[in-house]
Amino acid sequence: MDSLFPVETFMPPGFHYFADFITAEEEIELVGEIEKVPLKTFIFQGYEAKRRVASFGYDWSFTNRKLTKGKAVPESFKPLIDKVSHQLSFKADEIAEVLLTEYPVGSVINWHRDAPPFDLIAGISLQSDSIFRLRPYDKAKQGRNSILSIPLRRRSLYVISGETRTSWEHSITPVTALRYSVTLRTLKPGLMMTH
Ligand SMILES: O=C(O)CCC(=O)C(=O)O
């Protein structure tokens, strides 16, 4: 798909970006909390990624393609959940999953669309800036000119919803400094939540 729009001005519907969503103090606290959590190397289809993760709340297994209820979300992430849900006008308990990710220098997240049961995705970037990319999910629309590159600043919030959630996929290019992210996900309507 050739875009008629310069990358800087065109964002697909449902993608939102909030620079400086959290303060420098909140960032320090969140990084401190993530450092206390045991993170595990992410394994996808038998391959080890360089990034390490910890998931709380509902967890999607790419191996079994099943949603299971995992560990309770630590209290220390509740203020962030409250802040995001307030910003996006939904209830804090609609956040079904909290995923913590550590990206060592050189690590990436490859092109993907998030797991099927999840609906809205909200990502908070910590510690370093990175490049977030979007491209159409439909292979027929993919091409060099269809990739949107969005600078993701540390302390920012991005939101993937609507058409960006259904019809676009995303990736992060190799990070040049240690980066952490907190990814919050709601469940699609109709999927039962039993808190
Ligand atoms: O680190 C990020 O902000 C992206 C996370 C992501 O795309 C994922 O975990 O599926």
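With 195 residues, the protein has a radius of gyration of 16 Å, which agrees with the value near 16 Å for a compact globule; the radius is taken over C-alpha atoms, and the globule rule is 2.2 Å times the number of residues to the power 0.38. The model is predicted: local features need pLDDT of at least 70 and side-chain atom pairs count only at pLDDT 80 or more, while totals for chains, interfaces and linings use all residues. Residues are numbered from 1 along each chain as its sequence is written.

Along the principal axes, the C-alpha atoms fill a box of roughly 45 × 40 × 35 Å. Three helices and twelve strands form the secondary structure; these are DSSP runs numbered from the N terminus, with helices being H or I of at least four residues and strands E of at least two. Of the 195 residues, 30% are buried. A residue is buried if 20 or more other C-beta atoms lie within 10 Å of its own, exposed if 12 or fewer, and partly exposed in between, with C-beta atoms placed from the backbone. Among contacts with a separation of 6 or more, 77% join residues 24 or more positions apart; a contact requires C-beta atoms, placed from the backbone, within 7 Å.

The residues around the ligand are L99, T101, I109, D114, G123, H170, I172, S181 and T183, where a residue counts as near if its C-beta atom, placed from the backbone, lies within 6 Å of the molecule. This shell divides into three nonpolar, five polar and one charged residue. Ala, Val, Leu, Ile, Met, Phe, Trp, Tyr, Cys and Pro count as nonpolar, Asp, Glu, Lys and Arg as charged, and the others, Gly among them, as polar. At least two shell residues come from each of β5 (95-103), β11 (168-172) and β12 (179-187).

Eight of the nine residues of β7 are buried, so this strand is largely enclosed by the rest of the structure. Its pairings are tabulated below; two strands pair if DSSP finds at least two bridges between them.

| Partner of β7 | Sense and bridges | Residue pair |
|---|---|---|
| β10 (residues 157-160) | antiparallel, four bridges | A122 with V159 |

The loop between β6 (109-112) and β7 (118-126) contains A115. A115 counts as partly exposed because 16 C-beta neighbours lie inside 10 Å. From A115 to D59 the C-alpha distance is 9.7 Å, at a sequence separation of 56 residues.

Key
Two residues are in contact if their C-beta atoms, placed from the backbone, lie within 7 Å.
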